[in-house]
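Good morning, colleagues. Please bring the sequence and the structure up on your screens, and I shall take you through a few parts of the model in turn.

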Amino acid sequence: MAMLLAKRLVQSCLILLGVAAITFILLYALPADPARMLAGRSATAQTVENIRRELGLDQPLLTQFLHYLGNLVQGDLGRSYAQKTEVATLIMARLPATLTLMAAGIFVEVLFGLTFGIVAALNRGGAIDRIVMASAFVGVSAPQFVVALLLLYVFAATLGWFPMSGYGTLAHVVLPAMTLGILGAGWYARMARSAMIDVLNQDFIRTARAKGLSGRRVVLRHALPNAILPIVAMIGIDIGQFMGGVVVVEAVYGWPGIGQLAWQAIQQVDIPIIMGVTLTSAFAIIVGNLVADLIAPMIDPRIRSH
Amino acid sequence: MFNRWILTTTTAAVLAFSPLLAHAETPAQGGEIVVTYKDDITTLDPHIGYDWVNWSMIKSLFSRLMDYEPGTANLVPSLAESFEVAPDGLTYTFKLRKGVKFTNGREIVAGDVKYSIERAINPKTQGPGAGFFGAIKGFDDLTGGKSELLSGIETPDDQTVVFHLSRPDATFLHVMAINFASVVPKEAVEAAAGDFGKKPVGSGSLVLKDWTIGQKLVFERNPDYFVKDVPHVDKVTIEVGQEPLVALLRLQKGEVDIAGDGIPPAKFLEIKNSPEGAAMIVDGEQLHTGYITLNTKVKPFDDVKVRQAVNMAINKERITRLLNGRATAANQILPPLMPGYDKTFTGYAYDVEKAKALLAEAGHPDGFETVLYSTNTDPQPRIAQAIQQDLAAIGIKAEVRALAQGNVIAAGGTEGEAPMIWSGGMGWIADFPDPSNFYGPILGCSGAVAGGWNWPWYCNEAIDKRAGEADAMSDPAKAAERQAAWSKIFTDVMADAPWVPVINERRVVAKSLRMGGPDNIYIDPTRVINYDAIFVKP
């Protein structure tokens, strides 16, 4: 276990370094000039040049990158070009909202996805199965902004059950989490269904049934733990995705998450923020997968021996 | 000739609110309002902030030597009580109002004005507005890093600031009224350690009480503001991250008082045609012109006949319809609200046949192929397509290249790169209401440089010389003469046709029914939302 962890840590650092390098090069390959964007329309050539020098953009690319890495190692993500505030401060300020939405979204996804996936698997080929799978298909393909606006219009604007926009109370998180949950549940339902069907056809399930165990116990104690591995891996990936921000849902519900920060930074060519958010997201994906890898052996003893 | 302009606090207040009084609606005191924006507020540092959202907040958070009467383009002294201009136009002497305090409690002295202007110019500030102060003596030393101080500003005593200019600058009083000339306390800037934009301290009508990043900003009334009974509202909460469509729904439910981003195009007609909605829409003219640049350094646009032909080929009325009528067709460079706009000028009328004939005369009877750049956010690509169709009608095959704003700006500032650019989303909005602001960076020779904003790469030296002469007429008695000179400069530029002036876009703000006051304080030509003047109906 310790060996695995150490190996993973080294891998993670290399991945982060790679992400940093690629993002950095891509951002600097953009034809848009951050100094020019920052200087606005009325700035003289001298002003633009001064801003470029103050930001260190006149240095060679490699010098800039090494400088960035040097600061990064010390935990310094730099200052935003447009806001002048520390990037770490800006990301930290949005972290609670991002984590809340991530947790709530994944909770709804998994709850709905697993429930419907299992129900569909147990009724394989039946009417319920067809209905669930058709709904899952709709969920997977529905555009986020349509679902978000629909829920907002019905439950907030018309019925007034939830606030339309903002962050802070439990009521605020319901609609954004439902939007993400409903859409994501489709993936989980499909995955849970096929995994369950695989497991339900195996010999040990037949044995369990033959032993006379109740249907409920067979499903929950014997089948589910065997079917859940891909779901856990998928949660690991989702953690990373949610940490990178769910721009559309955040925009519709005025949710102060990282996605909004990234979107605005991209428009302003605010390289330090884009770098910071990308690295945070990459870091979260790594951690998410690591956690998934660590949980897997606890669920499935077969993995432990490998 | 000596110009002397003295106003006491009371007359300033009366003067400042005469447009409101004329409207027969007396502003009521008190009330708390909620304003929404989609994007987070980048910074409230007055020497850095330069977008149309933070512009209005910075205006009310800080004070400057000069200001404008609400809703108008008329300059009045503000932090200055009076000022004098020397006959040669090279020396400006301002007397400060006595007893004005920063919101940290310290009284403002002349040294604060000097420090603030120096900070705005100092390269370390990374301020975009440094160039506005180019006429002050010692500017080159400060911006070139040779000095930390500006030799052209003297403070003989705590109430007096003297500016020495290296050349007469007729726009100097406007420059003293723009946000970059805001007065800031040095101790607060230093205490903020590089983050003054999030911890601003000024002497304006509002004070920043709280800023939750990504969520909201809370401004409260400055009880010690030096203009009596200003502002009228007690508290302004800015909620950010609010999608315009949702903001509009909340406005209709009474949760929001001003939807800062206006009304989404898809909803505009629905709201406008509803009985209650019409009263919510504030649709105001701004100092904006949207245009197509024709690159004079790229063939065949180096031929004036081709440029004129394109000017006749664009159906501007159709483009205003694409914008749901939120714009009017333009025939010249200056917008109608700008002093110097020539009402008698007709420009190039829409005439496809004449355009074709002119193109044939220029040696392109079958047209040619070219590229039209545009930004990629709605409705700009749709407008670019309309332009593309208009060009096709006279045989010009234009490929539309819709890119992110930064990339279009980069292409425009690269010599020989972009033959045509539709300026939508980046169109010129004046920094201050003076015609010269529509020339230098966008049509003058100095702007036709790499990374510049003169995208047609137009440089007519004779006109450049006349522009310099007009800007040297700083004697207020010659204001009319100067305005006429500028007016002629812009209509003469149109003979060279480096632009197709297409539309003057209006800004739309949506406000709740309880908000009072005339439209021009919600779309103030120099402030956008004028937080000093708006009020809640009793």
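Predicted model: local features only at pLDDT ≥ 70, side-chain atom pairs only at ≥ 80, totals over all residues.

B:Glu461 lies in helix H16 of chain B, a helix made of residues 461-472. Is B:Glu461 buried or exposed? The count of C-beta neighbours inside 10 Å is 8 for this residue, and a residue with 12 or fewer is classed as exposed, so B:Glu461 is exposed. Along the chain, 17 residues separate B:Glu461 from B:Gly444, and the distance between their C-alpha atoms is 8.6 Å.

Let me turn to chain A as a whole. Its secondary structure consists of 15 helices and zero strands. The C-alpha trace of chain A spans about 85 × 55 × 30 Å along its principal axes. Chain A has 306 residues, of which 42% count as buried. Taking the contacts in chain A with a separation of 6 or more, 71% are between residues 24 or more positions apart.

Helix H11 of chain A, residues 229-243, contains 15 residues. From first C-alpha to last, H11(A) reaches 22 Å, close to the expected 21 Å at 1.5 Å a residue. Which residues of H11(A) are buried? They are A:Ile231, A:Met234, A:Gly236, A:Asp238, A:Ile239, A:Phe242 and A:Met243. These buried residues pack against four helices of chain A, namely H5, H8 (170-200), H13 (258-267) and H14 (271-299).

The largest nonpolar core comprises 234 residues, and A:Leu152 and B:Ile292 have the most contacts inside it. Helix H5 of chain A, residues 87-122, provides the largest share of this core, with 15 residues. What does A:Leu152 touch, leaving aside neighbours within four places in sequence? Within chain A, the contacts of A:Leu152 are A:Ala157, A:Met164, A:Leu175, A:Val252 and A:Tyr253, and from chain B there is B:Val246.

That last contact leads to the interface. Here 41 residues of chain B are in contact with 39 residues of chain A. On the chain B side, helix H7 (244-253) and helix H14 (405-412) each supply at least two residues. The largest share of that side comes from H14(B), with four residues. Sorted by class, the side of chain B that touches chain A has 16 nonpolar, 17 polar and eight charged residues.

Thank you for your attention.

Key:
Residues numbered from 1 in each chain as written. Chains lettered and ligands numbered in written order. Contact = placed C-beta atoms within 7 Å. Nonpolar A, V, L, I, M, F, W, Y, C, P; charged D, E, K, R; others polar. Core = buried A, V, L, I, M, F, W, Y, C linked by C-beta atoms within 7 Å. Buried ≥ 20, exposed ≤ 12 C-beta atoms within 10 Å, placed from the backbone. Expected span 1.5 Å × (residues − 1).
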